[in-house]
Amino acid sequence: VRSWCEAHAMPRAMVDDFELAVSELATNAAQHGSGPDIAIELSATPTFFSVVVAADTTHADQIGDVGSWRIAPPEALSGRGLGIVAAVMDEVEFSGDDGRAVFRCRRRR
């Protein structure tokens with residue numbers, strides 16, 4: 001992810017946040033997914049840097065509305081990932097249809 005960001009002239013101050021968001025989404029897919037495959041698609045337009053992370057899951061109904069994602073308190077053992085994604089990305093969409101969880105995130109240039 002970092003190499004892709006640098007190759008697409010992402011501002012240095014944004015690279016860590018973008019990489020963190022992708023890492024959190026991929027980690028959630030690996031931990032909670034129901035299959036071995038995780039799809040990650042990075043793209044850039046003149047306006048946005050975008051990432052789509054998708055994986056099979058039986059837990060899509062537990063993800064909740066994007067507007068409810070918060071970073072868990074320090075004493076919690078888990079629950080920070082989606083809150084972090086919401087905090088560092090400008091736009092986040094989630095769909096969980098037909099056993100597939102798909103996260104679409106964008107960050108303005």
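Colleague: Is W4 buried or exposed, and what is its relative accessible area?

Modeller: W4 is buried, because its relative accessible area is 18%, and buried means under 20%, exposed over 50% and partly exposed in between, with a 1.4 Å probe and protein chains only. This is a predicted model, in which local features need pLDDT of at least 70, side-chain atom pairs count only at pLDDT 80 or more, and totals for chains, interfaces and linings use all residues. Residues are numbered from 1 along each chain as its sequence is written, and side-chain values use heavy atoms, leaving out hydrogens and water.

Colleague: How many aromatic pairs does a search of the whole structure find?

Modeller: Rings of Phe, Tyr and Trp (its six-membered ring) pair if their centres lie within 6.5 Å, with planes under 30 degrees apart counted as stacked, over 60 as edge-to-face and the rest as tilted. Here the search of the whole structure finds four such pairs. One of them is stacked, namely W4 with F18, at 6.2 Å centre to centre and 15° between the planes. That pair links distant parts of the chain, since W4 is in helix α1 (residues 2-7) and F18 in helix α2, 14 residues apart; helices (H or I, at least four residues) and strands (E, at least two) are DSSP runs, numbered from the N terminus.

Colleague: Why is the pair of W4 and F49 edge-to-face?

Modeller: The ring centres of W4 and F49 are 6.3 Å apart and their planes stand at 85°, so the pair is edge-to-face. Because W4 lies in helix α1 and F49 in strand β2, the pair ties together parts that are 45 residues apart in sequence. Both W4 and F49 are buried, F18 counts as buried at 0% relative accessibility, and W4, F18 and F49 form one aromatic cluster.

Colleague: What is the order of the strands in the open sheet?

Modeller: Strands of a sheet pair through backbone hydrogen bonds, either parallel or antiparallel. In this model the open sheet has four strands in the order β1-β2-β4-β3, with antiparallel pairing, where two strands pair if DSSP finds at least two bridges between them. Its edge strands are β1 (33-44) and β3 (91-97), each of which pairs on one side only. β1 and β2 (residues 48-57) pair in the antiparallel sense over eight bridges, and I40 stands opposite V53 in β2.

Colleague: Where does the charged end of R106 sit?

Modeller: A charge sits over a ring if NZ of Lys or CZ of Arg is within 6 Å of the ring centre and within 35 degrees of the ring normal. The charged end of R106 sits over the ring of F48, 3.6 Å from its centre.
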